[in-house]
Amino acid sequence: MSRASAVMEPQLRRARLGVALVFMTNGLLLGNLAPRLPDIREGLDLSYGGLGVAMAMWPVGSLGLGLLAGVLIRRFRSSRVAVVAMMGSALAMLGAATTSSVLVFGAALFIVGVTDAWVDVAQNSHGLRVQRLYGRSINNAFHAMWSLGAVLGGLMGGAAAGLEIPVEWHFVGMAGLVIAMNVASYPLLLKGPEPREGVEHGADEAGLPHKTSIRHMPGRLLMVLLALSLIGIAGGWFEDAASTWSASYLRDELSASATIAALGFVSLQGFQFIGRMTGDRMIDRFGQRTIARVGGVLMVLGMGLALAFPSTWGTIAGFGAAGLGIATLIPGAFHAADEMPGLKPGTGLTVVSWLLRLAFLVSPPLVGLIADATSLRVGLLIMPVLGVLVILLAGVMAPRRHAPAPSPSRV
C-alpha cells in the first residue's frame, strides 16, 4: 500500500460512516411517522382520501423546489446540503406532527418534501463520490442504512403508539435525535468541492458530446432514463404504500393493535435492509438485471398473495417479501442514471429522483380515493401490478459482468 493510500483509507472509512449516518437519519424520520399516521389522521379528523391529499403536499414540495438540489450542491457541496437539509426536514416534520390544523399540516409536509428532496440527491451524490474512491460497489449498503433507520424508527413509532405517548412529545425527541446525529456526521464527510469529472472537450466513449443536456439526448437514451425512472417509481410506491397505508390497513381492516400494525412497515423495511446489505454482492455476481427481475417476482407474489388471502400475519409477511424484492431497485436506478453517458455530473440522478417524486404526488391521493370508495385492500392492489412492471422493464438494467479470462502468462 502506498503512503497516499494509507492516508486516504481512514478518511474514506470516516466518510463512509458519515454518509451512512445521514442515510440512517433520513429513514429514521420516516419510520417514526408511519406508525403514528392513524393517530395524526384521527387528530385532524381526516378521511383516507383527505390524508392522501395532505400527504401529497410532500411530493408537491419535492417537485416544486427539488430540482434546486443540483445548484445547491455545486454551490455549497453535497456534504453541507445533506446535513443542513436533513436537520431542516426534522424540524418541519416536528411541525407537521404537532399541529391541529390541516392547512399547517400540509404546509409542514411541503417543507419536508423540499428538504427531503435536497437530502436525497445530496446524500446519494456524496455516497457515490465515496464509492468512486473505494473503487467497488458500496451504494446499496448506504441505502441499507436508510432501511435500518426506517426499521428502528418504525419500532420506535409502534412502541410510542402502543404506549399512547402523545405524538407531540414523541416527535420532539425524534427531532432532537436526528439533529444530533447529523451534527456528528458532518466532520466525517469528504472535504473539498465536488469533483469535476470527465474531459472538458471532445466526446465520451459512447460518442456523445461531453456534458450533453437532457434536451439534446438521443431518443433511445431518453427512453432508458424513463425506464429507469419507472423501476425506481415501482420501488418507491411500495415504500410509500407501507409508510402511508400499512398501519391503517392492519388496524382498520384486519383489527390489529397499534403496535402490531406498525410491523407491516417494519417488515418491509427490515427485509429491504437485508436485501440491501447483500445486494452489492448479489449484483456483482448475477447482475442488476437478474436481481431486479427476481425482485419483481417477489413483489407480485408477496403482496398478491397477502391481498388475495388477507390476514394480519400474512399481510406482514407479504410486506416483508416485497421489501426484499424492492431492495436494490431505487439504488440501482440511481446508479445507472448517474452513469448515463454524456450527462453533466448529477443530472441523471436528479432527473430520476425528480420523476420518482412526481409519482409520489399521484400515489397517496390515488390509494386514498380508492380506499374511500371501496376499501384499502382494493387500493393496495396496485402493488402487485408494479411488480409486473419491474419484470417487464428490468432489461434496461446492467447484466452480469463476466470476469476477464486470465492471460496465458498467468496460466
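Q: What is the mean pLDDT of the chain?
A: pLDDT is the predictor's confidence in each residue, from 0 to 100. This is a predicted model. In the chain, 87% of residues reach 70 or more. The mean pLDDT is 83.

Q: How many contacts beyond near neighbours in sequence does the stretch 198–212 have in the model?
A: Over residues 198–212 the pLDDT is below 50. Where pLDDT is low, the predicted coordinates should not be read in detail. For this stretch, the number of contacts beyond near neighbours in sequence is 26.

Q: For residues 402–411, how many contacts beyond four places in sequence does the model have?
A: Here pLDDT stays under 50.

Q: How much space lies in the largest cavity?
A: Rolling a probe the size of a water molecule over the atoms shows where empty space is left. The structure holds 4 cavities of 30 Å³ or more. The volume of the largest cavity is about 510 Å³.

Q: Which lining residues lie nearest the centre of the largest cavity?
A: The lining is made up of 29 residues. Nearest the centre are L30, D116, W146, E239 and F360.

Q: How many charged residues does the lining of the largest cavity have?
A: Asp, Glu, Lys and Arg count as charged. The lining has 15 nonpolar and 8 polar residues. Its charged residues number 6.

Q: Why is the pair of F23 and F142 called stacked?
A: The whole structure has 2 aromatic pairs. In the pair of F23 and F142, the ring centres are 5.8 Å apart. Planes under 30 degrees apart count as stacked. The planes of F23 and F142 stand at 15°, so this pair is stacked.

Q: How far apart in the chain are F23 and F142?
A: F23 sits in helix α1 and F142 in helix α8. The pair thus links distant parts of the chain. The separation is 119 residues.

Q: Is F23 buried or exposed?
A: Buried means under 20% relative accessible area. F23 has 1% relative accessibility, so F23 is buried.

Q: What is the geometry of the pair formed by Y48 and W245?
A: The ring centres of Y48 and W245 lie 6.2 Å apart. Planes over 60 degrees apart count as edge-to-face. At 75°, the planes of Y48 and W245 make the pair edge-to-face.

Q: Which helix holds W245?
A: W245 pairs with Y48, which lies in helix α3 (residues 48–55). The pair ties together parts 197 residues apart in sequence. W245 lies in helix α10.

Conventions. Residues numbered from 1 in each chain as written. Predicted model: local features only at pLDDT ≥ 70, side-chain atom pairs only at ≥ 80, totals over all residues. Heavy atoms only, no water. 1 Å grid on protein atoms, 1.4 Å probe; cavity = no way out; pocket = protein on both sides within 12 Å on 5 of 7 lines; lining within 4 Å. Points joined across faces, edges and corners; volume = space filled by probe spheres on them. Contact = heavy atoms within 4.5 Å. Phe/Tyr/Trp six-rings, centres within 6.5 Å; stacked < 30°, edge-to-face > 60°. Helix = DSSP H or I, 4+ residues; strand = E, 2+ residues; numbered from the N terminus. Buried < 20%, exposed > 50% of the residue type's maximum accessible area, 1.4 Å probe, protein only.
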